[in-house]
Every structure is written in C-alpha cells, then in structure tokens.
Amino acid sequence: MRIAVSLAYEGGAYCGWQIQSHSPSVQEQVEKALSRVANHPVQVVCAGRTDTGVHASHQIIHFDTDAVRPMHAWVKGANTYLPKDINLNWAVPVSDEFHARFSALSRRYRYIIYNGPMRLGLWHQQMTYCYQGLDEKKMQEAAQYWLGEHDFSSFRASGCQSNTPMRRIDAFTVQRQGSTVFFDVEANAFLHHMIRNFAGVLMEIGRGNKAVAWANEVLESRDRRVAGVTAPANGLYFVNVTYPDIFQLPKARVEPLVLMC
C-alpha cells in the first residue's frame, strides 16, 4: 500500500528536511516514527525539501508499506513517537501512480516579516524581523516582474543542484496586517534559496533603498551577485502543494497566520 501524509514542523532544531550525517533532520524523525508504527523500516519521499530553519504547515510525503493499519493509527501512532515540533496532520491511501514530488503541479511558500520597532522574544524563530518601515505596496508591485516563466539565476544559491534555472511563478502577493508583512508565492518548483533571495530583494525595495524597477533589473541580470543579501530562514514556511484532482487529497488550510497587530 502507498500512503500519502501531510505534516507540519517547526524547522529551527533541524538541518532541514533531508537526512544529514552531521545534524538531526525532519526526514530522520519522521522515518523513525513511521517505522515504529509499521514495525518495519519506512522510507519517505517529500514534495519539496526545506532548508535549515525552514518550517512547514503542509508538507506532503508518501511511503510504501505492507503493514495493515487504520489511517488514524498512522497519524496518532507516529505523533506519539515524534518530537513536539513535528506533527502529522492526516494520512490517506493513494494509488501507486501517486508520487509526492513528481506528481505535484505547484508548490506554495509563505514568508513572514515582523515589521515593528522592537524585535519579538516569543516569535523570533517563526518570523524574520525588520525594524525599518516596509512599504508593502511597493513590494507587491516589484514582485509582479517575476510572474511567469523566467531564468531565475539571480535568485539561485551557488550550491543549487537543479539542472536548469528556469521556473514558472504562478502567483505572488504581498500583504500587511498590523505590524506583520507577509508574502505568498506559488510556482511549479523552486531553486535553492530562491524564496529567501526574493525576500532580500523585496525588503530592500520596501525600505526604500532600491526602486521598484530594481526587481526586474536583478531578474534580467541573471547574476546572483546583483540580488544582494539572502533573507533569514526563520520566516519561511512551506504551506501547500497542488496535485491533480484524480488523487483526491485533502485540501490544505494555508497556515501559518501568525499575524501581529
């Protein structure tokens, strides 16, 4: 049987999704927990690998098993063995044609910035902090240059392993609620550090240090050195994956909505 799972996690304690020899990972914790429920080794495949410190509210994985368990037993059992900062949301049986990564049509991330005069002690691992005033309307205008299919070399980390810098951005919105500025971006796929480099450019424009048109100049340069600083990981969340309707997966509640007034 192939099973699809939605999970949420706070990434601050982990080296990212993928198993690494030098540090704990989300994948390692999830595989250990599911293996205990299955009573055999379980290997999982995810929709999108997240980096060190990046969070998720709706990461999708799949795994294969010959263990017969009710779906709620996979969720409740695994959650019993998982650390408190990782949680399974649901589990459903899927056909063998389903693949968490290759069946995905699009992925969606949210980046959250606390834009107040003093940094927050309670939410410092869940949001990026910027004390300088941000103009979210200029940030929204700038982000529209990136819609569509482009060569995003300017927003690609030097260690990115993708065979191509071409990606298609389907939607990009920047909003404010009180002292929180957040943006949502949906694309067919993302390059390494792509969202965090978007955030770095948008915050420079939002502060008034760069003109709105600079967003297009950075894109057209195809040069990572032009884009400037990579924004911190702690404000970044993997929030949704879209699949063909044939698989009938439960819809995501797009979280987190950690909005500070």
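## A tour of the predicted model

Select His55 and Tyr237: His55 stands opposite Tyr237 in strand β10. This is a predicted model, where local features need pLDDT of at least 70, side-chain atom pairs count only at pLDDT 80 or more, and totals for chains, interfaces and linings use all residues. Residues are numbered from 1 along each chain as its sequence is written, and side-chain values use heavy atoms, leaving out hydrogens and water.

**Stop 1: strand β10**

Select residues 236-242, which form strand β10. Strands (E, at least two residues) and helices (H or I, at least four) are DSSP runs, numbered from the N terminus. Six of the seven residues in β10 are buried. Buried means under 20% relative accessible area, exposed means over 50%, and partly exposed lies in between (1.4 Å probe, protein chains only).

Two strands pair if DSSP finds at least two bridges between them. Strand β3, residues 55-64, pairs with β10 in the parallel sense over two bridges. Strand β5, residues 106-114, pairs with β10 in the antiparallel sense over six bridges. Pick out Arg108, which stands opposite Asn240 in β10.

**Stop 2: Asn197**

Go to helix α4, residues 194-207, and select Asn197. Is Asn197 buried or exposed? Asn197 counts as buried, because its relative accessibility is 1%. Show what is around Asn197. Beyond its neighbours within four places in sequence, Asn197 is in contact (heavy atoms within 4.5 Å) with Phe155, Arg156, Ala157, Arg224 and Thr230.

**Stop 3: two positive phi angles**

Most residues other than glycine have a negative phi. Select His193, in the loop between β9 (180-187) and α4. The phi of His193 is near 70°, a positive value. His193 is partly exposed, at 24% relative accessible area.

Then jump to Asn39, in the loop between α1 (26-38) and β2 (45-46). Asn39 is not a glycine, yet has a positive phi of about 65°. Asn39 is exposed, at 68% relative accessible area.

**Stop 4: a surface patch**

Finish with Met118, Tyr129 and Tyr131, which make a nonpolar surface patch of about 380 Å². Patches are made of residues with over 30% relative accessible area and no salt bridge; like charges are joined within 9 Å, nonpolar side chains (Val, Leu, Ile, Met, Phe, Trp, Tyr) within 5 Å. A salt bridge is a side-chain nitrogen of Lys or Arg within 4 Å of a carboxyl oxygen of Asp or Glu. Tyr129 is found in strand β6, residues 128-129. Tyr129 counts as partly exposed because its relative accessibility is 32%.

Methods: Areas by Shrake-Rupley, 256 points an atom, 1.4 Å probe, with all protein chains shown as cover.
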